[in-house]
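Hi,

Here is the two-chain model I promised to pass on.

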Amino acid sequence: MIELVKNTKIDFMGLKKYAFSLSAALVILGIVGTVQIYRGKANLGIDLAGGTSIQLKFQKPFSMNEIRSLLAKAGHGEATLQEVSGENILLVKLRALGNQDEKMVADPMVNLLRQTLPGNPFVVESVSEIGPAIGHKLRQDAELAMLISALAIIIYLAWRFEFKFGVAAAIATFHDIFSVVGIFWVLGLEMDLLFITALLTIGGYSLTDTVVVFDRIRENIRLRKLKTFSETINLSVNEVLSRTIITSMTVFIAVIALLVFGGIVLRNFATALAMGIVVGTYSSIFVASPVVALWRGEKMTEVKR
Amino acid sequence: MWKSITGRITLIAALTAVSIIVLVPSLTDRVPAGWKDRMPKINLGLDLQGGVFLRLAVEIDKAIENTSMRYADDARAVCREKALPVLAFQKAGDGGFSLRFPPGDFASRAQAALKEEFPSLDVSLGEVKADGATVIARMKPAEIQAIRTNAVVQGVETIRNRIDQFGVREPQIIAEGEDRIVVQLPGVKDQQRAIELVGKTALLEFKLVDEGASVEEALKGNVPEDDQVLYQKSVDPQSGRATKSPMLVKKRALLTGDTIKTAKVNFGNQAGGAHVSLSFDTRGAKVFDRVTAENVKRRLAIVLDDTIYSAPVIQERISGGEAQITGSFTPEEASDLAIVLRAGSLPAPVKVIQNVSIGPSLGLDSIEKGVRAAVIGALLVVCFMAFYYRFSGMVADFALVFNILFLLSGMAAFSATLTLPGIAGIILAIGMAVDSNVLIFERIREEIRAKKSVRAAIDAGYDKAFWTVVDSHVTTLITAVILFQFGTGPIKGFAVTLSMGVAINLFTALVCTKVVFDYLNARKPMQALSI
């Protein structure tokens, strides 16, 4: 029998001071990041902000500086350029300025590059142009989706456990989502619709670990009859620690495969998922149960089944 | 749960057989046609097979205004015929316009004349002042509503016609809401050309060139009342440089493209250039005959979407109902022009508000990378389970194979669309699939440590972990279902694979693994379990 973690007796509740400080820092970072998103100061993908993105594959290596000055001359100085090293792929992104009458610029831009770089032909791999109105709508849909899933999860957990557990699980989930947003914002990584999808998936998945812990707490209150709630939490988390870590690990392995081999389109998506799995595992141990303890007190009343 | 081992094995075998029958035609072309044609197939999303997704905003207000201006032009022509002098003309918004007449009974006579001539207009008398009176004409609400509905319905129809003639396999053209059209063209290679073909209004008009007034004066702002300045675009065949030259034409179109019966591409009259020949229907031919007869030796501009293509001099009366559009066309341009003229013009101009074009090479690349990531991810997970849980891990891996098989055949059965994020969903589902078994196996380990017999430990493990497994699946399912509701194309694909994968996992992780342990225990209770 291979055991990664064996008979641990870690005092998780005793560590909650440190855990709460770390979590508070992460969540504050996330809230700042969220505010910056709404102020338009974050690296939003063009599917949310509106704008144009073009992916070109050149035959030969190209000079980023040359292309940057070419575009600047054509009045697209604010375009962001990204190079996929080793593949001669160029990503050009141009955010919409927000006025409704904006013209689509992809076609003239491609023609300009074709004419000025005759020695290095390229294939247009993808073009995506999104009017500000659509970007706005997609963003609203994303917000609504996040709100509804949060509510649905609280209701489900309140039904399966009790209201306080449901809310604590939801807090842990929001903690995970805000943490990933905060880290993405600090690193300046692009947040697009796929990123939002990743956030929602993280929300759903990080609950898996929380549910495993909660299930055990409920069982131990009934069977073990320890003196305090905190003791019960400590025992329960230690008992399920190996499965909490291993279930996260299998998903983490799959996501890493996606991150390494899945190509550029899925890179940020996989990065967000990987972060979310790590943060989610941490929060199910250090955030969800302590929050229940804080709220419920040390009473050993049974949790309904 | 189910007691009979043979019963469970039969069920799994039957499901496997059905899955293989359903799935194989989606994976390979080398199966008999009779089998292939009867089976639903997994569709590839635009991001995997390449293609164009367009969301168009139909500019209905412009269509209403255009119609109203056409009424205004006609109304002024009627006034001219009846010798009613129009002093001033003004747009009045909401599909209306007003005309001002000098004092006297001119205004009331105009009102009566317009009422009789245009039953679809509400014509009323405006304020009467010392220096004259106005007549206000406005389209009736029913007429405006008709334009509104027609703009989208007819627009979808026209675009479908064009695309059908262009030749795209399984295009999707649907109205969205009140003023949007979504066009999906999978597999289109010449994407820019397809976008232009869809988005062109293609309003063809024949207008007389006004040679009596000076273009220079008009460019300075002194455009004669019934005229407008339009530009003729021409491309120099040698240098490829495009030039625009202004021309003064009558506002009123003598004939429009809606009377065209057919349009064909012809090659070869001038220096091998392509041109488009038109033939009009009976009504169009009659009008064209009259127009050419009345205007011999004058120039007739052929205008498409407010750009002059050519402005030949009418040499003689043309009675056959045939005309030609010449210009500096490439063969592709000429063929696309013929298509849009045959399919007719859009009732209202459209604006592309979302365009996602994926080249075929990127689609192939995405499939390759996605499949590679999925295979590597699955192998890593399989190896990890076999390493960590030994024999039991291999049992979980065995169930994982069924999980993937059922997931793919489920997608085929529902003709679901596989997208690149959908492949990511499969990879994620693979990682989550073994979670159920991890939860069960850890529980079994606990029971074994509590000195239970192997058989009892297994039963207790499955029993006690059951609700934990269900709970953890339901939370993921909730978010996946919500993503499906709100997501756009590629993300919907992710929600589909993830939710189906997780749902199927409940069956494979619980039933497919348990039956293996039960089978082994049935012959001789196991003394030790490799877990």
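**What packs around B:Ile427**

Leaving out residues up to four places away in sequence, B:Ile427 touches A:Ala254, A:Ala257, A:Leu258, B:Ala373, B:Ala374 and B:Gly377. A contact here means that two C-beta atoms, placed from the backbone, lie within 7 Å.

Before you read on: this is a predicted model, so local features are given only at pLDDT of at least 70 and side-chain atom pairs only at pLDDT 80 or more, while totals for chains, interfaces and linings use all residues. Residues are numbered from 1 along each chain as its sequence is written, and chains are lettered from A and ligands numbered from 1 in the order in which they are written.

**Cores**

B:Ile427 is also one of the residues with the most contacts inside the largest nonpolar core, together with A:Ala254 and B:Leu341. That core has 210 residues. By nonpolar core I mean a set of buried Ala, Val, Leu, Ile, Met, Phe, Trp, Tyr and Cys residues joined through C-beta atoms within 7 Å. Buried means 20 or more other C-beta atoms within 10 Å of the residue's own, exposed means 12 or fewer, and partly exposed is in between, again with C-beta atoms placed from the backbone. Helix H11 of chain B (360-413) gives the most to this core, 18 residues. Helices (H or I, at least four residues) and strands (E, at least two) are DSSP runs, numbered from the N terminus.

There is a second, separate core of 17 residues, with B:Ala107, B:Ala110, B:Leu121 and B:Ala133 among them. Two of those names come up again in helix H5 of chain B (106-117), whose buried residues are B:Phe106, B:Ala107, B:Ala110, B:Gln111 and B:Leu114. Seen down the axis of H5(B), the buried residues fall within an arc of 135° (taken from the directions from the axis to the C-beta atoms), so they line one face of the helix. They pack against H4 (60-81), S4 (96-101), S5 (121-129) and S6 (132-139) of chain B. H5(B) has 12 residues and reaches 16 Å from its first C-alpha to its last, close to the 16 Å expected at 1.5 Å a residue; the expected span is 1.5 Å times one less than the number of residues.

**Strands in chain B**

How many of the residues of strand S2 (51-58) of chain B are buried? Eight of the eight, so S2(B) is largely enclosed by the rest of the structure. B:Gly51, B:Phe53, B:Arg55 and B:Ala57 point one way, and B:Val52, B:Leu54, B:Leu56 and B:Val58 the other. S2(B) runs antiparallel to S8 (180-186) of chain B over seven bridges, with B:Leu56 partnered by B:Ile181. S2(B) is also joined by eight bridges to S18 (350-358) of chain B, again antiparallel, and there B:Val58 has B:Val350 as its partner. Strands count as paired if DSSP finds at least two bridges between them.

Elsewhere in chain B, six strands form an open sheet with mixed pairing, in the order S11-S10-S16-S15-S9-S12. Its edge strands, S11 (242-250) and S12 (255-256), each pair on one side only. Within the sheet, S9 (204-208) and S15 (300-304) run antiparallel and share five bridges, and B:Lys207 stands opposite B:Ala301.

**Two phi values to look at**

Most residues other than glycine have a negative phi. B:Lys297 has a positive one, near 75°, and lies in the loop between H9 (282-294) and S15 of chain B. B:Lys297 counts as exposed because it has 8 C-beta neighbours inside 10 Å. B:Arg390 has phi near 50°, also positive, but its place is in H11 of chain B. With 15 C-beta neighbours inside 10 Å, B:Arg390 counts as partly exposed.

**Chain A and the interface**

Chain A is divided into domain 1 (13-43 + 134-296) and domain 2 (51-130), with bounds from an automatic or database domain assignment. Their C-alpha centres lie 37 Å apart. Across the interface, 56 residues of chain A are in contact with 56 residues of chain B. On the chain A side, S4 (122-130), H5 (132-160), H7 and H8 each give two or more residues, and H7(A) has the largest share, with 13 residues.

Cheers
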